Amino acid sequence: MATTETFRAYGFSAVGGPENQLFLDLPIPAPGPAELLVEVRAAGINPADWKSRSGGPGPVPTEFPAVLGREVSGVVRAVGQDVGDFAVGDEVFGSTAPGAGGYGEYSLLWAESSAKKPPQVSWTDAAALPVAVCTAYDAIVSLGLPEGTTLLVNGIGGGVGVAAAQLARNGGVAVVGTASEGKRELVESLGATLVGYGPGVAARVRELLPDGVDAVFDMVGGDALREVATLVKDPADMISIADKALVKELGGRDVERRRTTRVYSEVAALVADGSLSPHVIDVRPLDEAPQALAAVESGHAMGKVVLEIRA
């Protein structure tokens, strides 16, 4: 692939607000060692994207302009050195390599954080897996909850919470989730029980479960985490992706991510057999990247928002 060719992408020119976002024409990169050049079919949108643009928490680019996005699905067009498991023409999904983004017609992926897309999984569903869904998978595996236990998902309505609820339910775990009343239909469709979020949430949970819960998976942090922390029987069974410092202070832990081909393949197999859905609820073209990211930044999106780059 000649590097003099260009591709269209959407990113940002400096750390700050949405006013720094813009469309870009960039040279198509050549894959480095252990990288894949992918012609993108779809790109997932996550809260981490706007947080990166805003200056963190999380990784922030050191060179600008930077392309937004961390997960894509697409077709391999070139492979770098030391790549043995992928070939040109493979249909894949995965996590973008450092310095690369997902909101564009091409992207670079880490080969070790990529997997082949099963034919039963759509491009848009595959693009929604590496960040939110695989985070949920790592969390539920880490908790190791036996059948018959209870899990509180604090902030169940987003991409991570939706996946976590399904994975826990499939393991015979009873799930209670905090969210707004507007997300009741979604939460109940997951087989979970909705509890309205906000002050007094712990008391509302105890009305349902007087003895508290066996585990907490938090997507909110701050005071909301402090309150639900009183519900868990053993603080070691409390994990958070939203407030790493506070959860450790409260006796819990962060989610240890395993961004590997094996894990991604395991999750894709669950989607392929119908036991897990990433709940992609909003698919938009690249031209609508600003509106798609704004929908996620608002905090009101139910499930996953995905850009379809090529049909």
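Me: Which strand is Ala78 found in?
Reply: In this predicted model, Ala78 belongs to strand β5, which covers residues 71-79.

Me: Is Ala78 buried or exposed, and why?
Reply: Ala78 counts as buried because its relative accessible area is 14%, and the cut-off for buried is under 20%.

Me: What does Ala78 touch, leaving out residues up to four places away in sequence?
Reply: With those set aside, Ala78 touches Pro31, Leu36, Leu37 and Val88. As for Glu39, which is 39 residues apart from Ala78 along the chain, the C-alpha atoms of the two are separated by 9.3 Å.

Me: Switching to Thr96, where does it lie, and is it buried or exposed?
Reply: Thr96 lies in strand β6, residues 91-96, and Thr96 is buried, since its relative accessible area comes to 13%.

Me: And which residues is Thr96 in contact with, beyond its neighbours within four places?
Reply: Leaving those neighbours aside, the contacts of Thr96 include Gly69, Arg70, Glu71 and Val72, and also Gly101, Gly102, Ser107, Leu108, Leu109 and Trp110.

Me: OK, cores now. How many residues does the largest nonpolar core have, and which have the most contacts inside it?
Reply: The largest nonpolar core has 42 residues, and those with the most contacts inside it are Phe93, Leu129, Leu151, Ile156, Val175, Phe217 and Val267. Helices and strands that each supply at least two residues of this core include α3 (129-143), β8 (150-154), α4 (159-170), β9 (174-179) and α9 (261-272).

Me: Which element gives the most to this core?
Reply: That is α3, with nine residues.

Me: What is Val267 in contact with?
Reply: Apart from its neighbours within four places in sequence, Val267 is in contact with Leu129, Val133, Cys134, Tyr137 and Leu276. Another core, of 38 residues, lies apart from the largest one, and among its residues are Leu36, Val38, Leu109 and Leu286.

Me: Zooming out, how many helices and strands does the protein chain have?
Reply: The protein chain has ten helices and 15 strands, and its C-alpha trace spans about 65 × 40 × 35 Å along the principal axes.

Me: Why does its radius of gyration agree with a compact globule?
Reply: It agrees because a compact globule of 311 residues would have a radius of gyration near 19 Å, and the protein chain has 19 Å. Buried residues make up 51% of the chain, and among contacts with a separation of 6 or more, 65% are between residues 24 or more positions apart.

Me: What about charges?
Reply: There are 25 positive and 39 negative side chains, with the centres of the two sets 1 Å apart.

Key: Residues are numbered from 1 along each chain as its sequence is written. This is a predicted model: local features need pLDDT of at least 70, side-chain atom pairs count only at pLDDT 80 or more; totals for chains, interfaces and linings use all residues. Side-chain values use heavy atoms; hydrogens and water are left out. Helices (H or I, at least four residues) and strands (E, at least two) are DSSP runs, numbered from the N terminus. The radius of gyration is taken over C-alpha atoms; the globule rule is 2.2 Å times the number of residues to the power 0.38. Buried means under 20% relative accessible area, exposed over 50%, partly exposed in between (1.4 Å probe, protein chains only). Contact means heavy atoms within 4.5 Å. Lys and Arg count as positive and Asp and Glu as negative; His and the chain ends are not counted. The place of a charge is taken as NZ of Lys, CZ of Arg, CG of Asp or CD of Glu. A nonpolar core is a set of buried Ala, Val, Leu, Ile, Met, Phe, Trp, Tyr and Cys residues joined through side-chain atoms within 4.5 Å.
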